[in-house]
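Me: I have a protein model open and I want to learn how to read it. Can we go feature by feature?

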Amino acid sequence: MHIRIALTGPMGSGKTTIANEMLKRYGDQAVIMPMAGPLKEFAKRMGWDGRKDKRGRRLLQLLGTECGRKCISEDVWVDKWDETANQASQDVIICDDCRFDNEAAVMNIVFELPMRFDECKTPWERFKKKMRYALGLVHKSEKGLTMPGIKVPAGSVEEMATWIISRVH
């Protein structure tokens, strides 16, 4: 039986960075399996260069939410992820981009990361980031889960990874 760990949080909260730190500690018994993996593969076949800049992020949001979730099925990406996860040989599967409630529903445990401001160079940028989330001026995929996750206390990448792993085992 696999342990499915989901990391959720706002853009730039460190989900992938923390997942990579966890992977270092788990070694061969774990794998990072992004929910958006099949979506990114599809986008690359269409010509996406793999950059998550403003254009790349918008492409993934449109393909993933407006096209995939609305036109095919709410569970289109969840079903693909679940199928792949069930075939994994590792004991621990870390999903570093859980964004919707139906994605969280296929996990054993969901950790919610705090908003980080490392990339904000000025107090004004920090204020704007806070306000965009507070006012809901972000894409649906950035609004967070309605079902509660376990809130991870702010800290360094190493501290947060240690805290998460200690709660799993």
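Me: Let me start with a strand. Which residues of strand S3 (residues 92-95) point one way, and which the other way?

Reply: Start with the general idea. In a regular strand, side chains alternate between the two faces of the sheet. Now the case here, in what is a predicted model. Val-92 and Ile-94 point one way from S3. Ile-93 and Cys-95 point the other way.

Me: Are these S3 residues buried or exposed?

Reply: All of them are buried.

Me: Which strands pair with S3, and in what sense?

Reply: S1 and S3 pair in the parallel sense, over four bridges. In that pairing, Ile-3 has Val-92 of S3 as its bridge partner. Strand S2 (residues 30-32) also runs parallel to S3, and three bridges join them. There, Ile-32 stands opposite Ile-94 of S3.

Me: Now the whole chain. How many helices and strands does the protein have, and what pattern do they follow?

Reply: The protein has seven helices and five strands. Along the sequence, the pattern reads β-α-β-α-α-α-β-α-β-α-β-α.

Me: What share of the residues is buried?

Reply: Of the 169 residues in the protein, 46% are buried. The cut-off you need is a relative accessible area under 20%. Look at the surface too. The accessible surface comes to about 9,600 Å², and carbon and sulfur atoms account for 56% of that area.

Me: What share of the contacts joins residues at least 24 apart in sequence?

Reply: Count contacts between residues at least 6 apart in sequence. Of these, 76% join residues at least 24 apart.

Me: Let me try a helix. Which residues of helix H2 (residues 37-45) are buried, and what covers them?

Reply: Gly-37, Pro-38, Leu-39 and Ala-43 are buried in H2. Their cover includes helix H3 (54-72) and H4.

Me: On to charged side chains. How many salt bridges does the structure hold?

Reply: The structure holds seven salt bridges. One of them joins Asp-82 and Arg-4, whose closest N and O atoms are 2.6 Å apart. Asp-82 sits in helix H4 (residues 76-86) and Arg-4 in strand S1 (residues 3-8), so the pair ties together parts that are 78 residues apart in sequence.

Me: What about a salt bridge inside one helix?

Reply: Begin with helix geometry. An α-helix has 3.6 residues a turn, so residues three or four places apart point the same way. Now the case. Glu-21 forms a salt bridge with Lys-24, with the closest N and O atoms 3.2 Å apart. Both lie in helix H1 (residues 15-26), three residues apart, which is about one helical turn. Glu-21 is buried, with a relative accessible area of 10%. Lys-24 is exposed, at 64%.

Conventions: Residues are numbered from 1 along each chain as its sequence is written. This is a predicted model: local features need pLDDT of at least 70, side-chain atom pairs count only at pLDDT 80 or more; totals for chains, interfaces and linings use all residues. Side-chain values use heavy atoms; hydrogens and water are left out. A salt bridge is a side-chain nitrogen of Lys or Arg within 4 Å of a carboxyl oxygen of Asp or Glu. Helices (H or I, at least four residues) and strands (E, at least two) are DSSP runs, numbered from the N terminus. Buried means under 20% relative accessible area, exposed over 50%, partly exposed in between (1.4 Å probe, protein chains only). Two strands pair if DSSP finds at least two bridges between them. Contact means heavy atoms within 4.5 Å. Accessible areas come from the Shrake-Rupley method with a 1.4 Å probe; for residues, only the protein chains shown count as cover.
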